[in-house]
Amino acid sequence: MIGLDYQRLGNFRYAVVTLVGDDGFPFSVSTDFKILADKKIVLQKPALPSKLDGKRVNVLFNHITGLPGGGYGDRRYMLVWGTTHEDHGTLRFEPETVSEWDEKILPFDQYCAKSAPQGAKYLGRLQASVEA
Amino acid sequence: MIQVPPWVRETFDTYLVCEFTTVKSGKPVTLPLLPFYLPDSGKFVVTSSVLFSKKAENVKQNPKVSLLFSNPEGSKAGKHAVLVQGIGHADDSDLDHGWEKYLSYWRKKEPYIDAYLAEREKFGWFWKRIVVQVEPKKILAWKNGDTSRPPEVFGV
């Protein structure tokens with residue numbers, strides 16, 4: 001696992017576990033988590049219709065802070081893909097890859113600028129489909 | 001239209017963000033997004049800038065999506081967890097104006113959005129937005145957010 005900052009991960013309050021169900025729909029559920037001293041991530045086992053042992057999932061750790069006048073700030077998330085293993089009534093999560101954004105690290109306007117290639121790609125495809 | 005109890009409806013109306021999942025090549029991709037609940041149709045809308053458009057591309061490839069409402073931060077509602085599974089439709093036929101019909105919903109959740117709109121030229125591509133409308137097929141709700149117990153299920 002490359003690039004997962006366990007210290008920042010530990011600042012999130014809860015986790016959202018998502019897998020793709022047998023019906024093809026995504027299934028998400030929120031749950032508590034903790035990080036052990038050896039950097040193992042342990043999720044509290046939610047009640048799910050399918051077993052999570054050996055399942056490929058993504059786990060989203062998301063944070064916002066509500067503002068007094070409405071809305072929110074202090075946006076940050078880590079989206080981690082990996083595999084869950086049932087372990088004594090809990091779920092051990094083995095992370096593999098991560099995608100993240102923290103507006104205190106990468107301010108929103110810079111985040112938009114960094115994402116310009118994706119915008120150009122989308123608009124290019126759209127233009128091509130209109131012209132076809 | 002799926003009927004839900006008042007506490008679920010309040011969750012839809014007041015939670016500021018949801019965890020929106022699309023499926024790409026069989027793999028889930030979950031991101032926090034601002035959701036709008038349309039009470040007349042019972043459908044949901046999220047919008048996405050072309051800058052962050054991978055989720056819309058995923059919807060075009062696979063319309064099965066979900067929205068989880070799990071974070072009451074910034075709302076006055078209680079802490080619950082409500083999962084909406086549905087069929088998404090990505091509409092990019094009017095990137096400049098198609099999303100504007102949802103501005104009243106947006107203002108309720110982010111009152112400062114007009115300040116950003118006033119600088120529309122500065123954030124040009126941010127305001128080129130795809131509208132993703134989701135028709136719910138099943139709603140699963142965990143009152144008080146206790147996901148260690150089975151959810152109430154609506155719409156089956």
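Which residue in β7(A) is the bridge partner of Thr84(A)? The bridge partner is Phe93(A). The structure is a predicted model, in which local features need pLDDT of at least 70, side-chain atom pairs count only at pLDDT 80 or more, and totals for chains, interfaces and linings use all residues. Residues are numbered from 1 along each chain as its sequence is written, and chains are lettered from A and ligands numbered from 1 in the order in which they are written.

**Chain A: overall build**

- Chain A has three helices and seven strands; helices (H or I, at least four residues) and strands (E, at least two) are DSSP runs, numbered from the N terminus.
- Read along the sequence, the pattern of chain A is α-β-β-β-β-β-β-β-α-α.
- The radius of gyration of chain A is 18 Å, whereas a compact globule of 132 residues would have one near 14 Å. This radius is taken over C-alpha atoms, and the globule rule is 2.2 Å times the number of residues to the power 0.38.
- The C-alpha trace of chain A spans about 55 × 40 × 35 Å along its principal axes.
- Of the 132 residues in chain A, 26% are buried. A residue is buried if 20 or more other C-beta atoms lie within 10 Å of its own, exposed if 12 or fewer, and partly exposed in between, with C-beta atoms placed from the backbone.
- Among contacts in chain A with a separation of 6 or more, 47% are between residues 24 or more positions apart. Two residues are in contact if their C-beta atoms, placed from the backbone, lie within 7 Å.

**Chain A: the sheet**

- Seven strands of chain A form an open sheet in the order β2-β1-β5-β6-β7-β4-β3, with antiparallel pairing. Two strands pair if DSSP finds at least two bridges between them.
- The edges are β2 (26-31) and β3 (33-35) of chain A, each with a single partner strand, so one side of each has no neighbour in the sheet.
- Neighbouring strands of this sheet are turned by 35° against each other on average, direction ignored. The axes are lines fitted to C-alpha atoms, for helices over the stretch in contact, and angles run from 0 to 180 degrees between N-to-C directions.
- Strands β1 (residues 15-20) and β5 (residues 55-66) of chain A are antiparallel and share three bridges; Val16(A) stands opposite Leu60(A).
- Leu60(A) also has Leu79(A) in β6(A) as bridge partner, and β5(A) and β6(A) pair in the antiparallel sense over 11 bridges.
- β5(A) and β6(A) form a hairpin with five residues between them, and Gly70(A) in the turn has a positive phi of about 105°.
- β6 (residues 72-87) and β7 (residues 90-102) of chain A are joined in the antiparallel sense by 12 bridges.

**Chain B: overall build**

- Chain B has four helices and eight strands, which run α-β-β-β-β-α-β-β-α-α-β-β from the N terminus on.
- With 156 residues, chain B has a radius of gyration of 15 Å, which agrees with the value near 15 Å for a compact globule.
- Its C-alpha trace spans about 50 × 35 × 25 Å along the principal axes of chain B.
- Buried residues make up 48% of chain B.
- Of the contacts in chain B between residues at least 6 apart in sequence, 72% join residues at least 24 apart.

**Chain B: buried elements**

- Val8(B), Thr11(B) and Phe12(B) are buried in helix α1 (residues 6-14) of chain B. They cover an arc of only 95° around the axis, which puts them on the same side of α1(B); the arc is that of the directions from the helix axis to the C-beta atoms.
- The cover over the buried residues of α1(B) includes β3 (36-38), β5, β6 and β7 (129-142) of chain B.
- Six of the six residues of β5(B) are buried, so this strand is largely enclosed by the rest of the structure.
- On one side of β5(B) the buried residues are Lys64(B), Ser66(B) and Leu68(B), and on the other Val65(B), Leu67(B) and Phe69(B).
- β1(B) and β5(B) run antiparallel and are joined by three bridges, with Phe20(B) opposite Leu67(B).
- β5(B) and β6(B) pair in the antiparallel sense over six bridges, with Ser66(B) opposite Gln85(B).

**Where the chains meet**

- 40 residues of chain B are in contact with 35 residues of chain A.
- Elements giving two or more residues to this side of chain B are β1 (18-24), β2 (27-33), β5 (64-69) and β6 (81-91) of chain B; the largest share, five residues, comes from β2(B).
- By class, the side of chain B that touches chain A has 20 nonpolar, 12 polar and eight charged residues. Ala, Val, Leu, Ile, Met, Phe, Trp, Tyr, Cys and Pro count as nonpolar, Asp, Glu, Lys and Arg as charged, and the others, Gly among them, as polar.
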